[in-house]
Structures are given as structure tokens and as C-alpha cells.
Amino acid sequence: MISTVFFDVGGTILDESREFADWADWLDVPRHTFSAVFGAVIARGLDYQEAFRVFRPDFDLATELARREAAGRTESFGEEDLYPDARECLASLKDQGLFVGLAGNQPAHAEATLRELDLPVDVIGTSHGWGVAKPAPAFFARVVDAGGGVASTILYVGDRPDNDVRPALEAGMKTCLIRRGPWGHILDPATVAERCLFRIDSLDELPGLVAKHNAAGG
């Protein structure tokens, strides 16, 4: 039985298109060019920050975030950046009596912003707040702890086979891979997908799948 559902943030409930476009503008690179390079970096299995270093070899994320803040161009997101299916999916799972949480790799400002969105969730965890980032096992241990302590009753939903699905499986959780965003479309190895409990293209599909799974006794 699934009693708890945790969601990754970026690429899963949050559309990062505007964020990536803002970074392209900040680097003074055409958005199409930045997107193409970003996809190539992902396809090669590299850290996403390598896409920035193609255009600025000395790129350091913390330094650039500080520069953007000083320039009044702080990285941010809001209600308009949520995927249209996100809020309703979270609410539908809550209506089933499930414990629902968010847990993703997010910077310092993101946790407060997520709370301000007043999403129908019970807990919000971020890599900055927890002091550990995905795909580290310690991150997923925090997810298990926040979700009640029984990994097998937790479903972790994410768009990345490498950062979300594989480490969640290794932590003993059930998993759901959503195919959207650059990672969800470019990285989709069968060896990972076939181990997922669910594989979806929209969060609209998830509440019904969870309800059916639980009705069948898990």
C-alpha cells in the first residue's frame, strides 16, 4: 500500500522553462542556443552546470546567484511556473488520505517561495534546508524519515531516472517517472523505467493510478 507520496520539485511540479530562459539572458546567449547546449550536456550524462561553462568557463553557481541578486535579477519562480496539473494532483492525493510532500534539490530561497504558494502538502524538504542533495543516499533517508519511516509505503515521483528514480529505488521506495522537461525526455533508460511502479506523461494520471494500486491491496 502507498501511504505517502513525495514529489521532486524542478521538472516535476515546477516548469523550469522561464528559469532557463532567464539564465540564457543573464549569460547573454540566445535562448535556443542555450537550450540546445543544455540538452547535449544532459545527453552526455554531465552535470547540468557544464552547460553554463560552455559559455562561461569560470562559471560558479553560488557566485552567479549573488551577482544576479546584486543586479536585481534574482532567480525566482511563482504560481505561473507551476505545471497546470500540479496543484490538482497534490490535492487529489490529499483527498485520498495520503501524506503528501515535496523534496527536491533547491537553493536557499526556494523553500520559502514554495511555502508561500500554499500548496496542499504536509511537508516541504529542500537540499539546502536538509544540508544534503540528491542523489546522495542521505537525502533519500531524510525523505523516508519525513514520510513516516517505512520506505516501502512511500512513492517518490520525479522526472530524472538518475537523480530521482534510481536512488529512491535503492532506498527501498516505490517510484514514478514522469516524462517531461529535458531530463525526462532525454534520459529514459529501460533498465530504470521497467523498475518503476508507474511511468506517466502527466500528473493528471497519478491519483487514479495510486487509488487503483491501493484498492488492489498494494
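**Close-up 1. Helices H1 and H4 cross.** The axes of helix H1 (residues 17–26) and helix H4 (residues 61–70) come within 12 Å and cross at roughly 85 degrees. That angle makes H1 roughly perpendicular to H4; the word covers 65 to 115 degrees, while under 35 is roughly parallel, over 145 roughly antiparallel and the rest oblique. Axes are lines fitted to C-alpha atoms, for helices over the stretch in contact, and angles run from 0 to 180 degrees between N-to-C directions. Helices (H or I, at least four residues) and strands (E, at least two) are DSSP runs, numbered from the N terminus. The model is predicted: local features need pLDDT of at least 70, side-chain atom pairs count only at pLDDT 80 or more, and totals for chains, interfaces and linings use all residues. Residues are numbered from 1 along each chain as its sequence is written, and side-chain values use heavy atoms, with hydrogens and water left out.

**Close-up 2. The H1–H4 contact, residue by residue.** H1 contributes Asp22, Trp23 and Trp26. They meet Leu61, Glu64, Leu65, Arg67 and Arg68 of H4. Contact means heavy atoms within 4.5 Å. The residues of this contact divide into four nonpolar, no polar and four charged. Here Ala, Val, Leu, Ile, Met, Phe, Trp, Tyr, Cys and Pro count as nonpolar, Asp, Glu, Lys and Arg as charged, and the others, Gly among them, as polar. Glu64, in helix H4, counts as buried at 2% relative accessibility. Buried means under 20% relative accessible area, exposed over 50%, and partly exposed in between (1.4 Å probe, protein chains only). Leaving aside residues up to four places away in sequence, Glu64 touches Trp23, Trp26, Arg56 and Phe59.

**Close-up 3. Aromatic pairs.** A search of the whole structure finds 15 aromatic pairs. Rings of Phe, Tyr and Trp (its six-membered ring) pair if their centres lie within 6.5 Å; planes under 30 degrees apart count as stacked, over 60 as edge-to-face and the rest as tilted. Trp23 and Phe59 have ring centres 5.7 Å apart and planes at 75 degrees, so this pair is edge-to-face. The pair links distant parts of the chain, 36 residues apart: Trp23 in helix H1, Phe59 in the loop between helix H3 (49–55) and H4. Both Trp23 and Phe59 are buried. Tyr48 and Trp183 are also edge-to-face, with ring centres 6.3 Å apart and planes at 80 degrees. Tyr48 lies in the loop between helix H2 (31–43) and H3, and Trp183 in helix H10 (residues 181–186), so the pair ties together parts that are 135 residues apart in sequence. Tyr48 is partly exposed at 29% relative accessibility, and Trp183 is buried at 7%. Ring pairs join Phe20, Trp23, Phe34, Phe38, Tyr48, Phe52, Phe55, Phe59 and Trp183 into a cluster.

**Close-up 4. Arginines over rings.** The charged end of Arg68 sits over the ring of Trp23, 4.5 Å from its centre. Arg180 lies over the face of Tyr83, at 3.7 Å from the ring centre. A charge sits over a ring if NZ of Lys or CZ of Arg is within 6 Å of the ring centre and within 35 degrees of the ring normal.

Close-up 5. The peptide bond from Lys134 to Pro135 is cis, with omega near 10 degrees. Pro135 is in the loop between helix H7 (127–130) and helix H8 (137–146). Asp28 has a positive phi, near 60 degrees, in a residue other than glycine. Asp28 is in the loop between H1 and H2 and is exposed at 72% relative accessibility. Asp118 also has a positive phi, near 55 degrees. Its loop runs between helix H6 (108–116) and strand E3 (123–126), and Asp118 is exposed at 60% relative accessibility.

**Close-up 6. Arg160 and helix H9.** Arg160 lies in the loop between strand E4 (154–158) and helix H9 (161–170). Arg160 is buried, with a relative accessible area of 16%. Beyond residues up to four places away in sequence, Arg160 touches Val165, Leu177 and Trp183. H9 is mostly covered: seven of its ten residues are buried. They are Pro161, Asn163, Asp164, Val165, Pro167, Ala168 and Leu169. Their cover includes H8, E4, strand E5 (174–178), H10 and helix H11 (190–193). Gly172 follows H9, with a positive phi near 95 degrees.
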